[in-house]
Amino acid sequence: VQLQASGGGLVQPGGSLRLSCAASGSIKSISNMGWHRQAPGKQRELVAVITSDGTTNYADSVKGRFTISRDNAKKMVYLQMNSLQYADTAVYYCNMDALRWGRSTWGDYWGQGTLVTVSS
């Protein structure tokens, strides 16, 4: 299973970006999908997660500004980021809990990260 994240870039404060993450490989099922981020000098933190039934959960710092969504048919997860702030600058990682065909245990898979820089 491979996850490919995209959509990062340079944006001014108050601007918007949409991150995408596509999963590929021999995937039978995906449960939780999420986005994490790691700012320079800080630990990786959870940004948002969406369950298989569409329930979402957000870090307090992004509530009301970020929206996570998923497309099960395409095996993709998205993060719409609005009203971006300097503090949102980080490398953003997607992750998914997935079950591969022929396996009986779920795995936790991560993308390579995409850099979001908020700067004027």
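Arg37 has a relative accessibility of 6% and therefore counts as buried, where buried means under 20% relative accessible area, exposed over 50%, and partly exposed in between (1.4 Å probe, protein chains only). The structure is a predicted model, in which local features need pLDDT of at least 70, side-chain atom pairs count only at pLDDT 80 or more, and totals for chains, interfaces and linings use all residues. Residues are numbered from 1 along each chain as its sequence is written, and side-chain values use heavy atoms, with hydrogens and water left out.

The side chain of Arg37 meets that of Glu45 in a salt bridge, at 2.7 Å from N to O; a salt bridge is a side-chain nitrogen of Lys or Arg within 4 Å of a carboxyl oxygen of Asp or Glu. Glu45 counts as partly exposed, at 35% relative accessibility. Side chains of opposite charge can pair when their charged atoms come close. A search of the whole structure finds 4 salt bridges.

Another of these pairs joins Asp88 to Arg65, with the closest N and O atoms 2.8 Å apart. This pair links distant parts of the chain, 23 residues apart: Asp88 lies in the loop between β8 (76–81) and β9 (90–100), and Arg65 in the loop between β6 (56–58) and β7 (66–71). Asp88 is buried, with a relative accessible area of 1%, and Arg65 counts as buried at 10% relative accessibility. Through salt bridges that share partners, Arg37, Glu45, Arg65 and Asp88 are joined into one network.

A further salt bridge is formed by Lys63 and Asp60, whose closest N and O atoms are 3.1 Å apart. Lys63 is partly exposed, with a relative accessible area of 48%, whereas Asp60 is exposed, with a value of 63%. Over the chain, the mean positions of the 12 positive and 7 negative charges are 6 Å apart. In this count Lys and Arg are positive and Asp and Glu negative, while His and the chain ends are not counted; the place of a charge is NZ of Lys, CZ of Arg, CG of Asp or CD of Glu.

The chain contains 0 helices and 11 strands, helices (H or I, at least four residues) and strands (E, at least two) being DSSP runs numbered from the N terminus. The radius of gyration of the chain is 14 Å, close to the 14 Å that the globule rule gives for 120 residues, so the chain is as compact as a globular protein of that length. The radius is taken over C-alpha atoms, and the globule rule is 2.2 Å times the number of residues to the power 0.38. Along the principal axes, the C-alpha atoms fill a box of roughly 50 × 25 × 25 Å.

Buried residues make up 42% of the 120 residues. Of the contacts with a separation of 6 or more, 55% are between residues 24 or more positions apart, a contact meaning heavy atoms within 4.5 Å. Met96, in strand β9, is buried, with a relative accessible area of 1%. Met96 and Cys21 are 75 residues apart in sequence and 9.7 Å apart in space, C-alpha to C-alpha.
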